[in-house]
Amino acid sequence: MTERFFRTDALSVTFGGLSALNNLDLEIDQGQIIGLIGPNGAGKTTAFNAITGTVKPSAGRVIFQGMDITGWRTYRIARIGIARTFQQIRLYDDLSVLENVMAAGHAYIHYSFVEAVVGLGRFSAEERRLRSRAEHVLELMGLIDICGEKAESLPYGRQRKLEIARALAMEPKLLLLDEPVAGMNPRETIEFGELLGRLHRDLNLSIGLIDHDMPFVMDICQRIKVIDHGVPIAWDTPEEIQRDERVIAAYLGEGNGA
Amino acid sequence: MLKRDRILTCSSLAVFLLFLLYAESQFSEYSVRILNNIAIFAILAVSYNLVNGVTGQFSLGPHAFLAVGAYTCAILTLSPEEKLRSFIIEPMIWPLSQISVSFPVSLVIAGLVTAFIALLMAVPVFRVRGDYLAIVTLGFGEVIQVVTNNVVPITNGPLGLKGLAPYTNLWWSWGICLLSIFCTVRLVNSSYGRAMKSVREDETAAEAMGINAFWIKTLAFTFSAFFQGVAGGLLAHLITTISPSLFTFMLTFNLLIIIVIGGLGSTTGAVIGAVVLTWGGELLRAFEEPMTIFGYYYEGIPGMRMVIFSMLLIVVMIFAGSGIMGRKEFTWQSFLDWCRLIYDRATRRG
């Protein structure tokens, strides 16, 4: 049996006596888009935090490409190829759009601290490479024309896109998006869905996403995990999820369909 | 464009060196001393700003690092005879009492020793997030006070170290000042600098983007301590007598004012702040002298310049909340644009 691309085994997080996430088993195949949905406070973001090491899982395991990465420090998890965005936008507000993206390339620079200080050696070539890669990503996300502006001056939708651009600049294998279309209008959401589909196709990205926008999630995800009060209650294709009675009861509202 | 900038930088450097040459032979001893002070404070401000402004970690330790650097450098350069003469309470312990190395070597060693101590502090402090750095560095400053006062066989206690050779001249102080500015600017504009800024802006996001915040903060802190140690060595051989009472928290406080007035996070601002405060502090001495204003005889009050200084500070904070430069840096392009603007205004009026 081949090892799954990514999976969590009974991942649990407790804060004091409160169980925020209980026995989450999540599986993502190479190139798959999966959704993680559930009512507010269900533990979706906690799941992402536990996967990326922002909070320490209290039990369970996270396996990425056959490697047990449970409890690794956040930056190490990022460096092996899991990038994420945040529910509350967390850009480097005072840096320019380009710098935001270039900073994400720091994990992969090939020059030392001393070379940076004296500006010799591989410094210039590496800086050029970093810059052109950042510009490539910005072009992909349609942000290249504003690369000199400060991140905080951007409108909301573009800040969301910039966060994804920053994550993509790390050339991740798995991208975790926490409510990427929250606050976008329907038109922006549709455009964003198309963009995500394109990225998924072109870069062969695996994506895990959290969102409350049901049409968006149902449309783009291949499989969906539903959790409620920290407890996983369903794991199925979008069509089945919409018919699942427990899901409807817990989340979509009784007698309300989708 | 890049070529133009390089030519402008080189020529302005040349002009500055000519100025130093002129200053060295023509200026009074007092003015040369001020120029030296400016250089030393610029080194301190630029390196302090790297930790407080660029990396966003609130350190209160430069006076302690300055002390470590000054004492290390002084102990290393003093001749064995001089050591025998000035250590009157207790003789200096053996290996140190015989060591005497040249000024440049001891400057480097002073920097390295200071950086090493900073590294030792950084490792436990940066393991946790929050304002622990301020507490630990503040405490370290007190520890240094106690150590320099009480470890008599090494530091000569409250008597301090006297009779240091006045090695520090304009070339040493400004040479090292320019070197520290050059290195810091390079660093800030490199990927390491971007990583430092991302840690300042949002540590959680930086970690999630593969940046080892612990290591980046440690690097910034250690790098800055190196130059603060070197500055200590320069200061010791400028004033030729050091004692524990010289390295008080007020020094750090002044540096904090310098980098805040200059613009927290801007290397240019740190340099401007150092010039303005060091030089301005001397200019304001006039207010402590007796003088006649509009026929009214004013006797001069010692400490008056600090009052005026505080008022100026308040004015700056009201009208330029983020300091003179904000977080902007000097570029030749912006400088030329600014010149053009001034020129246009002047000609239109004329």
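Predicted model: local features only at pLDDT ≥ 70, side-chain atom pairs only at ≥ 80, totals over all residues.

Modeller: Let us start with chain A and its domains. Where the two domains touch, seven residues of domain 1 of chain A are in contact with seven residues of domain 2 of chain A. On the domain 1 side of chain A, the touching residues are four nonpolar, one polar and two charged.

Now turn to the side of chain A that faces the partner chain. Here 30 residues of chain A are in contact with 22 residues of chain B. Four helices of chain A each supply at least two residues of that side: helix 2 (74–79), helix 3 (97–103), helix 4 (113–118) and helix 5 (123–140). By type, the residues on the side of chain A that touches chain B are 17 nonpolar, six polar and seven charged.

Next comes chain B itself. Chain B holds 16 helices and two strands. Its C-alpha atoms fill a box of roughly 75 × 65 × 40 Å, taken along the principal axes. The radius of gyration of chain B is 22 Å, which agrees with a compact globule, because 350 residues packed that way would have a value near 20 Å. Of the 350 residues in chain B, 43% are buried. Take the contacts in chain B between residues at least 6 apart in sequence: 80% of them join residues at least 24 apart.

Helix 3 (residues 62–77) and helix 6 (residues 103–125) of chain B have axes that come within 8 Å. Those axes cross at roughly 145°, and the crossing of helix 3 and helix 6 of chain B is right-handed. Which residues meet there? From helix 3 of chain B come B:Phe65, B:Val68, B:Gly69, B:Thr72, B:Cys73, B:Leu76 and B:Thr77. Helix 6 of chain B brings B:Phe103, B:Ser106, B:Leu107, B:Ile109, B:Ala110, B:Gly111, B:Val113, B:Thr114, B:Ile117 and B:Ala118. The residues of this contact between helix 3 and helix 6 of chain B divide into 11 nonpolar, six polar and no charged. By contrast, the side of chain A that touches chain B includes seven charged residues.

Conventions:
Residues numbered from 1 in each chain as written. Chains lettered and ligands numbered in written order. Nonpolar A, V, L, I, M, F, W, Y, C, P; charged D, E, K, R; others polar. Axes fitted to C-alpha atoms, helices over the stretch in contact; angles between N-to-C directions. Left-handed = near helix turned anticlockwise from the far one by under 90°. Rg over C-alpha atoms; globule rule 2.2 N^0.38 Å. Buried ≥ 20, exposed ≤ 12 C-beta atoms within 10 Å, placed from the backbone.
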